[in-house]
Every structure is written in C-alpha cells, then in structure tokens.
Amino acid sequence: MEMPADQTDPAKAALRAARAFDLGPVVVDGSGFAVYRYDRDSAKPSRSRCTDDCAQKWLPVRASGDVKLTGIDRDLVGSVTRPDGTDQVTLAGWPLYRFTGDEMPGQTAGQGADRAWFPLSPDGRKIETTTDTWRTDAFRI
C-alpha cells in the first residue's frame, strides 16, 4: 500500500472544500486527500486521543504556520497540542487526520472505520452516510 505524500509537503498545509459524488461537500488537504475526525476525540475542549499505533494509521494533520483555506471558514480552524507535544489542526474543534488506507486523492476508505472515523463537511460536521454508493472515490474539485 502506498502512503500519502509526506506530511512536510507544503501542499499539505492547506484545507479545501471539495465535492465528493458519494458524500457531498467534504474537506480535503492540499493534495486532495480526505481528512477525518475521530469520534473518541473531543471538540470542546479540543483533545486528541489517537496516539501511538493509532497515529501510525491515522496521521494527525500537523499544524505548522498558516493553513491555506479554500471554501472553509477560517473561524472554524484552529489547533490543539497533542499528548506528544506536537500541534494538530482542528476544524470546529475536532482534531483532523489523514487515513493511510486512502491510496489516492478522492478516496474515503476510512469512512465509518471502527464506527468512529468520519470525513468532515466544510462546516466541521461528520459525514456518516453516502448519497450515491456506486462512486465511492470520485471527487469533483
């Protein structure tokens, strides 16, 4: 399985709204990979509970400098300090992650994993259901 691009890639320092044919509007990073929230984290206060092995499979979206936003309200974007001392981007308080199982932009293979992982809409809500199950990895950007 091919891993998503390196986390230090400048293209990763971006979040944008994209239209997934099966999910509606979703948030993707600068390379087009879906970002996810973890229901076992918390948004108020922001707290990440995905550490160690979890963070190897679900890569925290690192906060480093200004995050470029397209189609996302800047007031909804922040950061939280993780248990390991690194900073992670948040949307509506929820820490953001990338799934290593998404092998190419537009995939949302992590949706519903462990009944706790979900892509997010641009307003920070989790996306639980698909609207068109025959196109599970198609994006219109």
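Contact here means heavy atoms within 4.5 Å. Keep that in mind for the tour.

This is a predicted model: local features need pLDDT of at least 70, side-chain atom pairs count only at pLDDT 80 or more, and totals for chains, interfaces and linings use all residues. Residues are numbered from 1 along each chain as its sequence is written, and side-chain values use heavy atoms, leaving out hydrogens and water.

**The whole chain.** Show the protein chain as a cartoon. Its secondary structure comes to one helix and 13 strands. Helices (H or I, at least four residues) and strands (E, at least two) are DSSP runs, numbered from the N terminus.

**S42.** Select S42, in strand 4 (residues 42-43). Is S42 buried or exposed? S42 counts as buried because its relative accessibility is 15%. Buried means under 20% relative accessible area, exposed over 50%, partly exposed in between (1.4 Å probe, protein chains only). Now show its neighbours. Leaving aside residues up to four places away in sequence, S42 touches R47, R49, G93, W94 and P95.

**Strand 9.** Move to residues 87-91, which form strand 9. Four of its five residues are buried. Strand 9 pairs with strand 8 (residues 77-81) in the antiparallel sense, over five bridges. To pair, two strands need at least two bridges between them, as found by DSSP. Select G78 and find T90 opposite, in strand 9.

**Strand 10.** Stay on T90. It also stands opposite P95 in strand 10. Strands 9 and 10 form a hairpin with two residues between them. Finish on A92 in that turn, with a positive phi of about 55°.
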